[in-house]
Amino acid sequence: MSFDTDDLDWAMGELTNLFAQANRVGILPHQLNPGLFSEAWTVLCFQPLEISTRCRQTLISMLTAPLWQVSKEGYIKRNFGFNNPDTPMRYENTFTH
């Protein structure tokens, strides 16, 4: 498979599929299909920094559950799904207050 540098949508679709499959079977995405992963990841690396960073964060979040999130109100929420997902611990965000 060969991507052009402007095929970000197609490459992200392929990477998303690899990351989802990897999460289900418990291995890393590049182990499923090294060639496809390399080609699609290369397209991602040639994007502007803001775009590639956001895409990488999205993909990595598919493999790991976040331990914290920042809410719209500027609070850091600890997210421990195994304790009680409905009542996250909140800490004031010192950078915005």
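Trainee: Which elements are included in what covers the buried residues of α3?

Mentor: The cover of the buried residues of α3 includes α1, α2 and α4. Contact here means heavy atoms within 4.5 Å. This is a predicted model, in which local features need pLDDT of at least 70 and side-chain atom pairs count only at pLDDT 80 or more, while totals for chains, interfaces and linings use all residues. Residues are numbered from 1 along each chain as its sequence is written, and side-chain values use heavy atoms, with hydrogens and water left out.

Trainee: What makes a stretch a helix or a strand, and how many of each does the protein have?

Mentor: Both are DSSP runs numbered from the N terminus: a helix is H or I with at least four residues, and a strand is E with at least two. On that basis the protein has four helices and three strands. Their order from the N terminus is α-α-α-α-β-β-β.

Trainee: Which residues of α3 are buried?

Mentor: Buried means under 20% relative accessible area, exposed means over 50%, and partly exposed is in between (1.4 Å probe, protein chains only). In α3, Leu36, Phe37, Ala40, Val43 and Leu44 are buried.

Trainee: Why are they said to line one face of the helix?

Mentor: The arc is taken from the directions that run from the helix axis to the C-beta atoms. Seen down the axis of α3, the buried residues fall within an arc of 130°, so they line one face.

Trainee: What is the span of α1?

Mentor: α1 has 18 residues and reaches 25 Å from first C-alpha to last, close to the 26 Å expected. Its buried residues are Leu8, Ala11, Met12, Glu14, Leu15, Leu18, Phe19 and Ala22. They are on the same side of α1 because their arc around the axis is only 160°. On the other side of α1, Asp9 and Arg24 are exposed. What covers the buried residues of α1 includes α2, α3 and α4.

Trainee: What makes a set of residues a nonpolar core?

Mentor: The members must be buried Ala, Val, Leu, Ile, Met, Phe, Trp, Tyr or Cys residues, joined through side-chain atoms within 4.5 Å. The largest such core here has 14 residues, of which Phe3, Met12, Leu15, Leu44 and Leu59 touch the most other members. The elements giving two or more residues to this core are α1 (8–25), α3 (34–45) and α4 (49–61). α1 gives the most, with six residues. In soluble globular proteins, nonpolar side chains tend to be buried together.

Trainee: Why is the ring pair of phenylalanine 37 and tryptophan 41 called stacked?

Mentor: Rings of Phe, Tyr and Trp (its six-membered ring) pair if their centres lie within 6.5 Å; planes under 30 degrees apart count as stacked, over 60 as edge-to-face, and the rest as tilted. The structure holds four aromatic pairs. One of them joins phenylalanine 19 and tryptophan 41, stacked at 6.5 Å centre to centre with 20° between the planes. The rings of phenylalanine 37 and tryptophan 41 have centres 5.3 Å apart and planes at 15°, so that pair is stacked. Ring pairs link Phe19, Phe37 and Trp41 into a cluster.

Trainee: Why are phenylalanine 37 and tryptophan 41 about one helical turn apart?

Mentor: They are separated by that much because they are four residues apart in helix α3. Phenylalanine 37 is buried, with a relative accessible area of 16%. Phenylalanine 19 also counts as buried, because its relative accessibility is 3%.

Trainee: Is serine 52 buried or exposed, and how do you know?

Mentor: Serine 52 has 3% relative accessibility, so it counts as buried. It is found in helix α4. Leaving aside neighbours within four places in sequence, serine 52 is in contact with Leu44 and Gln47.

Trainee: Why is glutamine 31 called partly exposed?

Mentor: Its relative accessible area is 46%, so glutamine 31 is partly exposed. Glutamine 31 lies in helix α2 (residues 29–32).

Trainee: What share of the protein counts as buried?

Mentor: Of its 97 residues, 25% count as buried.

Methods:
Expected span 1.5 Å × (residues − 1).
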